[in-house]
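Biologist: I am new to this structure and would like to go through it slowly, one element at a time. Could you show it to me before I start asking?

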Amino acid sequence: MDAVRTALGSGTPLVSVTGPTGIGRTAFLAALADDLARRGTRVTTIRFTRDGDPVPSGGSGTDAVRAVVGPVVGAHRYPEVARRAAASAGSDLLRGTGPAVVLVDDAQWLDRDSRAVLEALARRLAGTSAGCVCAVRTPMPGEDAAWWRGLRAAGLLHPVRLRPMTGAQVAGLLAAETGAVPDAGLVDHVLVLTRGVPAAVRDAVAALRRGRSLSVVAGRAHLAPGVGRCAPARDNEFVRAITALGPQAHAVARAVSVLAPLGAAVPGLVAEALCVTANEAARLLGVLLRAGVLHRGRRGETWRFPVPLVAAALVAGMGPFERRRLAACAVDAVWTGGARCADPDHLADLVADAGRLVDPARAFDALLSRVAQAGGQPHPHVPRWLDAAVDLADDRAQRVAALRAQVAAHRTQGDHAAVLRGARTLLDDFADELAPDASHELQVIAVDAVRSLGDVDALRDIAEHRRSWTDHAAQNAVTRAYALSAADRWAEARDLLESDGTWRHADDPASARSGDLLLATAALWTGRPDRFERSLAERDRWPGRDVPRRLLEQVDAHVSALLVTGDLRRAEHLPAVEGVEVARLRTSGRALVAALRGDVDHAVELAWRGVARRDCDPASAAMCQAVVALLVARAQPAGARALLTAARDAGLRPAHLLDLAEAQLDLALGHDDRATVALDRALRAVDERQVLVGAELCWSELADVALRAGDRDGARRCLAEVESLAETLPTSRVLLHADLLRAVVEGDREAAGRCLHLVRDRDQPGELAAVSERLVRHGVGDPASLTEVYHVLGGLDALLHRSWLRNLMRDNGIAVPGRWETVAENERVLAALAADGLSNKQLALALRTSEKSVEGRLSRLFAHSGYRSRIELSTAVLTGGQVRDGGAGDVGRGRRNGAAGE
């Protein structure tokens with residue numbers, strides 16, 4: 001908008017605002033009209049119809065003038081006629097005081113007479129306080145484009161091109177539409193569909209909502225599991241623009257929406273599919289090209305819709321037979337060598353759509369082959385391909401193969417209900433077709449799905465052998481143990497596997513492999529680490545390690561177990577030495593690695609994704625606990641609370657780690673009493689279930705609470721518990737906290753030295769900062785180390801923890817670097833906490849200051865930030881605004897301007 005005002009103010013008489021359908025030209029003109037009117041400019045708004053007729057357009061102009069840029073018969077042939085019409089219009093615009101502007105929408109429909117008047121008017125207004133702004137749809141036919149270029153060459157025109165929305169702007173629109181913070185995957189998905197065209201973005205959001213493909217969990221918006229083909233409204237702005245080109249052009253556009261990836265064969269296939277001549281097909285394709293609906297590249301080798309959502313809308317508007325017929329036509333052409341499809345995913349879509357209109361056996365093989373090429377990675381189209389394959393299967397063996405692949409695909413997508421349906425179908429109806437290995441794997445998958453769906457009764461029935469899918473003793477033993485672990489009954493799972501040896505000796509490699517993995521993890525977490533350590537040391541004896549999928553299972557399970565115990569170094573080393581990509585590990589493991597390594601944004605994104613999908617693998621609760629701690633450190637308690645609530649709703653395990661996360665959140669907000677209750681609850685669960693991982697963290701937090709309260713005896717009891725735990729489960733994290741508590745409770749400087757050596761060796765930035773701060777706070781650490789800690793916390797953007805550390809640094813005479821940076825950061829942490837909904841009393845507790853101080857700081861924040869209330873502040877944070885010293889208002893205003901299309 002600034003560019004338009006600047007051009008008009010400099011005396012340039014014409015401004016063209018250009019962009020394709022849906023970019024927001026009309027909305028931009030409306031916003032410009034309001035802005036100009038507020039500034040005292042007289043505004044007239046008109047638009048042109050497709051027939052070239054000018055009609056009044058809505059607007060909020062003041063003092064509307066009678067200027068009309070309309071067709072004057074003969075103006076393009078007789079310059080004097082055009083000059084007289086322009087002189088009359090110009091006199092109206094220049095009469096009176098102050099500037100005047102005519103806004104012309106859909107100026108691409110100007111006929112030759114109207115263009116002649118407009119050009120003459122531009123020459124009349126050059127250098128004056130009046131001007132004209134024309135919104136023009138692109139692309140333009142060659143003749144029209146040449147005319148506009150001529151005006152620019154003559155110095156009469158300044159072009160302004162409306163840009164597509166950026167990722168940040170799409171995220172802001174999604175936040176405004178859903179009232180939730182959008183996941184990066186959702187933003188990327190919408191950008192791919194829409195190329196950032198605002199009208200397409202709105203259509204995509206509506207389509208995702210209509211198709212129940214948009215999931216909002218605890219204030220975060222995600223793509224729901226199993227998202228496949230997008231089905232936008234059949235009568236949106238883009239389809240209407242195509243329909244206006246005529247029924248034949250519309251039919252060609254529908255055909256091309258299916259055939260486009262077949263490249264050079266498109267014109268011939270369009271002619272064949274629509275039963276028209278090659279010349280007629282070429283003519284109609286030309287109509288679509290000139291209208292900007294289609295883009296042809298490399299001299300006809302490629303065809304595409306500039307906005308992919310347009311193709312999706314056209315497909316959605318077809319009847320099922322029309323789509324199947326077009327798909328069959330395309331598949332036949334590819335299979336007979338008459339065409340080549342550059343996009344293998346699209347070809348698989350075509351095969352799935354064609355169904356039995358093409359060779360069923362070949363179609364079945366093609367679909368399963370493409371699924372195999374996806375490599376088990378999440379792919380939005382795979383479930384639909386497999387649905388088609390199931391329908392194409394000619395016998396029970398083929399149907400079982402397709403159903404097994406379908407279960408695996410739904411599991412990868414996180415569609416737990418579909419996973420359970422498929423697994424039950426196979427186990428109940430096709431048991432005679434399943435090898436023991438396949439049967440066991442499906443039972444474990446079914447248990448995971450039952451757990452993720454939160455069906456506690458069904459899980460208990462499986463665990464206690466009131467329900468089973470087979471009479472196979474070894475499979476039953478391992479399946480029951482999996483159900484026990486899924487119910488957080490790890491010690492019982494361990495005892496069952498140790499007492500029932502059938503799974504070790506049965507002619508069932510899958511049961512033996514799964515039983516070994518589960519027992520190693522269960523034994524480690526319940527204080528018997530020898531079996532797990534032996535498994536790690538004897539990796540060359542892992543069963544099935546020569547099969548990539550089996551090796552991935554082994555690595556993933558061991559990495560998860562290590563990460564829950566806090567052993568980041570070995571967890572990162574294992575995939576590296578085994579040649580397994582970290583990206584192939586489960587979401588919880590990747591999130592934990594990111595959290596412990598200090599990659600905060602990535603950790604938060606992955607954690608929300610995992611919780612939204614209700615992934616209940618063994619590391620999920622540890623993931624949540626670590627990420628909640630990071631969010632608290634970043635002064636985002638509401639986000640931390642929302643994640644914790646969603647994690648509890650999803651039933652993440654081990655559950656006592658969620659109690660620990662709750663306690664750490666309450667401690668940050670100054671609620672020591674509530675935190676103590678949560679920690680006691682966690683430790684009772686540790687005792688009852690004998691799941692020891694994370695117990696050292698609970699005792700360590702309790703000891704710190706006791707020391708702050710002056711309860712030295714209580715702190716010593718915590719120390720005794722951790723030292724006892726170190727004898728049973730001597731992981732590096734347990735040993736670290738044993739030394740930490742001995743140092744701060746007993747004033748043991750040797751223990752403090754060991755503690756610092758170990759925490760540096762563990763190389764986890766957040767842990768290093770927390771341990772160093774605690775040692776100094778309790779008088780057994782070197783205050784000079786606080787400068788390093790301050791920089792470490794800065795790298796984590798730990799606003800809240802840095803604000804606390806500044807107080808400790810001043811108490812110990814350590815200079816806080818960067819005075820102005822400190823002032824800005826104090827404001828950021830206050831704004832972040834206020835935006836998260838904390839009351840003044842809660843803010844005072846969190847910031848460890850008085851309510852009166854908080855009131856004064858809030859007043860100063862609102863006075864110069866541009867925000868007038870906490871609601872505005874919260875909205876800005878939700879839609880991606882960054883709270884900065886003196887810049888909050890600018891961020892809010894910038895986001896609004898961006899949304900207008902500038």
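Biologist: Is histidine 737 buried or exposed, and what is its relative accessible area?

Modeller: This is a predicted model, in which local features need pLDDT of at least 70 and side-chain atom pairs count only at pLDDT 80 or more, while totals for chains, interfaces and linings use all residues. Residues are numbered from 1 along each chain as its sequence is written, and side-chain values use heavy atoms, with hydrogens and water left out. Histidine 737 lies in helix 37 (residues 732-746), where helices (H or I, at least four residues) and strands (E, at least two) are DSSP runs numbered from the N terminus. Buried means under 20% relative accessible area, exposed over 50% and partly exposed in between, with a 1.4 Å probe and protein chains only, so histidine 737 counts as buried, its relative accessible area being 9%.

Biologist: Which residues does histidine 737 touch, not counting residues up to four places away in sequence?

Modeller: Contact means heavy atoms within 4.5 Å. With residues up to four places away in sequence not counted, histidine 737 touches Glu696, Leu697, Ser700 and Val722.

Biologist: How are helix 35 and helix 36 oriented to each other?

Modeller: The axes, which are lines fitted to C-alpha atoms over the stretch in contact, with angles running from 0 to 180 degrees between N-to-C directions, come within 8 Å and cross at roughly 165° for helix 35 (residues 695-708) and helix 36 (residues 712-728). Among the residues of helix 35 that meet helix 36 are Trp699 and Leu702, and Cys718 and Val722 are among those on the side of helix 36. Angles under 35 degrees count as roughly parallel, over 145 as roughly antiparallel, 65 to 115 as roughly perpendicular and the rest as oblique. Helix 35 and helix 36 are therefore roughly antiparallel.

Biologist: Why is strand 5 said to be largely enclosed by the rest of the structure?

Modeller: Ala130, Cys132, Cys134 and Val136 on one side of strand 5 are buried, and so are Gly131, Val133, Ala135 and Arg137 on the other. Strand 5 (residues 130-137) is largely enclosed because its buried residues number eight of the eight.

Biologist: Which residue of strand 5 stands opposite valine 104?

Modeller: Two strands pair if DSSP finds at least two bridges between them. Strand 1 (residues 14-19) pairs with strand 5 in the parallel sense over six bridges, and there valine 17 stands opposite alanine 135. Strand 4 (residues 100-105) also runs parallel to strand 5, joined to it by five bridges. In that pairing, the residue of strand 5 opposite valine 104 is cysteine 134.

Biologist: Which helices do the buried residues of helix 17 pack against?

Modeller: In helix 17 (residues 382-392), eight of the eleven residues are buried, so the helix is largely enclosed by the rest of the structure. These buried residues include Trp385, Leu386 and Val390. The helices they pack against are helix 15 (344-354), helix 16 (360-373) and helix 18 (396-413).

Biologist: How far apart in space are phenylalanine 238 and valine 307, C-alpha to C-alpha?

Modeller: Phenylalanine 238 is in helix 9 (residues 237-243) and counts as buried at 6% relative accessibility. Not counting residues up to four places away in sequence, phenylalanine 238 touches several residues, among them Thr21, Val197 and Val310. Phenylalanine 238 and valine 307 are 69 residues apart in sequence, while their C-alpha to C-alpha distance in space is 9.2 Å.
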